[in-house]
Amino acid sequence: MKKIILSLLAVLGLISSYAQNGDYKKRPAIGVHFTLTDFKTAADLRTSGLGSVLSKGDYKKIVNMSPGLAVSYWKGLSNYVDFFTLANFTFVNYPIPNKPVSANDKFALSWDANLAFKALPDKYWVSPYLTAGVGATQYAGNYSGYVPLGLGLQVNLWDDAFLMINSQYRVPVTSLGAYHVFHGFGFVGSIGTKKEKPVVVALPPPPPDTDNDGIVDSVDACPTVPGIAAFNGCPDTDKDGIADKDDACPTVAGLAAFNGCPDS
């Protein structure tokens, strides 16, 4: 079993190394699930091994499992990685180590936080995924912690709703915990309104104005020399009302009769 757990962790690390942000991150969503908690299969795995469990087929017998209901919250971290947290409510006979087994089922609450590493982003119809996380269980006044490792299948029903099927092998990390297998089957739907991408309108570049005099080159009679609109963009250096290009004496104020030169 240790080899299986290590293999799962290795695959999770490989997938996470390729995780990237994109346009298909899962929007915040909530889910409702039917669940089954199985202590017998987990015990058989530890005592007999995976081959024996598969050959006997007891892992398929629902009579050995405790049904429950769960609620979940999901949020995409990237195209390939989702965060989800799940709270499960069930009545079960929890085999606490070194304590007498109860004659009757009692209420148990488990909660865990996980990462789901998907093979494909949400735009695809079907996407398998692996999960890993941390969790805690409360049963008959006892508290225990566990690490859930699992696999699942996501079916995209439409853009905002998914069918989730998953199984976990829950490894206890405290003295009052017990190994068990957990199965879930449910529906997850997005909440809130979908944000529409803003429409970006590309504006045409402004017409060129080489001399930056506020008069575009296409109507500027002097496009490389700053001027004024009254002279179609040409300057009048001596301010005599005659544009420099027509002024025989552009630096000395003059008269139009003398092409812009003075009559001293």
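Helices (H or I, at least four residues) and strands (E, at least two) are, throughout this talk, DSSP runs numbered from the N terminus, and two strands are said to pair if DSSP finds at least two bridges between them. Please keep in mind that this is a predicted model, in which local features need pLDDT of at least 70 and side-chain atom pairs count only at pLDDT 80 or more, while totals for chains, interfaces and linings use all residues. Residues are numbered from 1 along each chain as its sequence is written, and side-chain values use heavy atoms, with hydrogens and water left out.

The overall arrangement is a closed barrel of eight strands, running β1-β2-β3-β4-β5-β6-β7-β8 with antiparallel pairing. Neighbouring strands of this sheet are turned by 25° against each other on average, direction ignored, where axes are lines fitted to C-alpha atoms, for helices over the stretch in contact, and angles run from 0 to 180 degrees between N-to-C directions.

Let me now follow part of the barrel. Strand β4, residues 106–118, pairs with β5 in the antiparallel sense over 11 bridges, and here S110 stands opposite T137 in β5. Strand β5 (residues 126–139) is in turn joined to β6 (residues 142–158) by 12 bridges, again antiparallel, with Y129 opposite G152 in β6. Two residues lie between β5 and β6 in their hairpin, and A140 in the turn has a positive phi of about 50°.

On the other pairing of β6, 12 bridges join this strand to the antiparallel β7, residues 161–172, and L151 has S167 in β7 as its bridge partner.
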